[in-house]
Amino acid sequence: MKGFRLRRGRAVAVCAVLAVALGGCSPLWQRPSPNSAPPAAPTRSASGKIFDKWCSDCHSTAEGPGSLALQRKYRGNLPAILEQRSDLRPDYVKLVVRHGISFMPSFRKTEISDADLALLAAYLAPSQ
Ligand code: HEC
């Protein structure tokens, strides 16, 4: 029991030394000030979160399979990343999501409800 306590004490000491050492590596301006509140996390809209959950694996980066397919389809004449498109219409987004296209799967109402799909369509086609 005594030995255990000793060893644990040593482990805590090692951790403290490591923490100080690692903290010492980062420049002063990057260290969190103990008195200031943590920086507010950027807020993502409800529709953006739906996109993140169901679509971003394929569509949020240029390397995503959806982006690559759209890059090929439009030969670079339209942005390959869906969130950068300004030509999408809500009804088209809904159609593609419910029926799938090429190797993009279709999504059921139990996955993306009609209400969520309306948000998603408005998110990708905001000006229509
Ligand atoms: C498994 C990968 C994958 C996922 C997940 C995915 N997509 Fe796609 N998506 C694709 C591919 C691939 C295409 C291109 C099909 C083609 O060649 O026409 C595509 C095309 C589209 C298009 C048609 C664009 C156009 O100009 O024709 C829309 C709109 C779209 N996706 C929306 C979504 C939305 C919204 C989600 C999330 C609910 C989603 N996709 C999830 C792979 C995916």
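Start with the largest pocket: 28 residues line it, and His59, Leu70, Val96, Ile101 and Met104 lie nearest its centre. Keep in mind that this is a predicted model.

Now colour by element. Those giving two or more residues to the pocket lining are helix H2 (46–54), H3, H4, H5 and H6. Select H4 next. The largest share of the lining, 6 residues, comes from this helix.

Colour the lining by residue class. You will find 22 nonpolar, 3 polar and 3 charged residues. The space in this pocket comes to about 530 Å³.

What takes up the largest pocket? Show the ligand: the space it takes is that pocket. The elements that give two or more residues to the shell around the ligand are helix H3 (56–59), helix H4 (65–74), helix H5 (90–99) and helix H6 (114–124). H4 again gives the largest share, here 5 residues of the shell.

Select the shell itself. Of its 23 residues, Cys55, Cys58, His59, Tyr74 and Met104 come nearest to the ligand. By class, the shell divides into 18 nonpolar, 3 polar and 2 charged residues.

- Tyr92: a polar side-chain atom lies 2.6 Å from a ligand oxygen.
- Arg85: a polar side-chain atom is 2.8 Å from an oxygen atom of the ligand.
- Lys73: an N or O atom of the side chain is 2.9 Å from a ligand oxygen.

Technical notes. Residues numbered from 1 in each chain as written. Predicted model: local features only at pLDDT ≥ 70, side-chain atom pairs only at ≥ 80, totals over all residues. Heavy atoms only, no water. Near = heavy atom within 4 Å. Polar contact = N/O pair within 3.5 Å; in protein donor to acceptor, adjacent residues only side chain to side chain. 1 Å grid on protein atoms, 1.4 Å probe; cavity = no way out; pocket = protein on both sides within 12 Å on 5 of 7 lines; lining within 4 Å. Sits in = over half its atoms within 2 Å of the grid points. Helix = DSSP H or I, 4+ residues; strand = E, 2+ residues; numbered from the N terminus. Nonpolar A, V, L, I, M, F, W, Y, C, P; charged D, E, K, R; others polar. Points joined across faces, edges and corners; volume = space filled by probe spheres on them.
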